[in-house]
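This report describes the fold, the core and the charged contacts of a single chain. The sequence and structure come first.

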Amino acid sequence: MLGAEGETSRVQYTVVDGKGGYFQNVRRLPEFSSTAVVLCGRKGAVRVEGENLTLGKYALGDVAVFGKITAVRREE
């Protein structure tokens, strides 16, 4: 598991090697391509980088990102 902040206003996530990741507390999705996704919460955002990225679910603050995730970086 790649880290997660305990604060509920920040985007929390779990990444499964080779499968994708599950992201919670997402309010906006300002950028999406097959190589990068930016997910914004109330406080801060994360940038997901990888290959063949697709969205599997985007509802009620939860986002499933499928594909090979190579990096997740916090953006403030």
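## A lysine and its partner

At 37% relative accessibility, lysine 57 counts as partly exposed; buried means under 20% relative accessible area, exposed over 50%, and partly exposed in between, with a 1.4 Å probe and protein chains only. Its side chain meets that of aspartate 62 in a salt bridge, at 4.0 Å from N to O. A salt bridge here is a side-chain nitrogen of Lys or Arg within 4 Å of a carboxyl oxygen of Asp or Glu. Aspartate 62, at 16% relative accessibility, counts as buried.

## Basis of the values

This is a predicted model, in which local features need pLDDT of at least 70 and side-chain atom pairs count only at pLDDT 80 or more, while totals for chains, interfaces and linings use all residues. Residues are numbered from 1 along each chain as its sequence is written, and side-chain values use heavy atoms, with hydrogens and water left out.

## Strands and sheet

The chain has six strands and zero helices, giving the pattern β-β-β-β-β-β along the sequence. Both element types are DSSP runs numbered from the N terminus: helices are H or I with at least four residues, strands are E with at least two.

The six strands form an open sheet in the order E1-E2-E6-E5-E4-E3, with antiparallel pairing; two strands pair if DSSP finds at least two bridges between them. Strand E1 (12–16) and strand E3 (28–32) stand at the edges with a single partner strand each, so one side of each has no neighbour in the sheet. From one strand to the next, the twist averages 40°, where axes are lines fitted to C-alpha atoms and angles run from 0 to 180 degrees between N-to-C directions. Strand E2 (residues 20–24) pairs with strand E6 (residues 62–75) in the antiparallel sense over four bridges. Across this pairing, glycine 21 stands opposite valine 65 in E6.

## Burial and core

Of the 76 residues in the chain, 39% are buried. The chain exposes about 4,500 Å², with 48% supplied by carbon and sulfur atoms; areas come from the Shrake-Rupley method with a 1.4 Å probe. Among contacts (heavy atoms within 4.5 Å) with a separation of 6 or more, 40% join residues 24 or more positions apart.

The largest nonpolar core has 14 residues, of which Phe23, Leu39, Val46, Val48 and Ile69 touch the most other members. E1, strand E4 (36–40), strand E5 (45–59) and E6 each supply at least two residues of this core, and the largest share, four residues, comes from E6. Such a core is a set of buried Ala, Val, Leu, Ile, Met, Phe, Trp, Tyr and Cys residues joined through side-chain atoms within 4.5 Å. Leaving aside residues up to four places away in sequence, phenylalanine 23 touches residues including Leu39, Val46, Val48, Val65 and Ile69.

## Charged network

The structure holds four salt bridges. A network of them links Glu31, Arg47, Glu49 and Arg73.

Arginine 73 is partly exposed, with a relative accessible area of 44%. Glutamate 49 is partly exposed at 23%, and arginine 47 is partly exposed at 22%.
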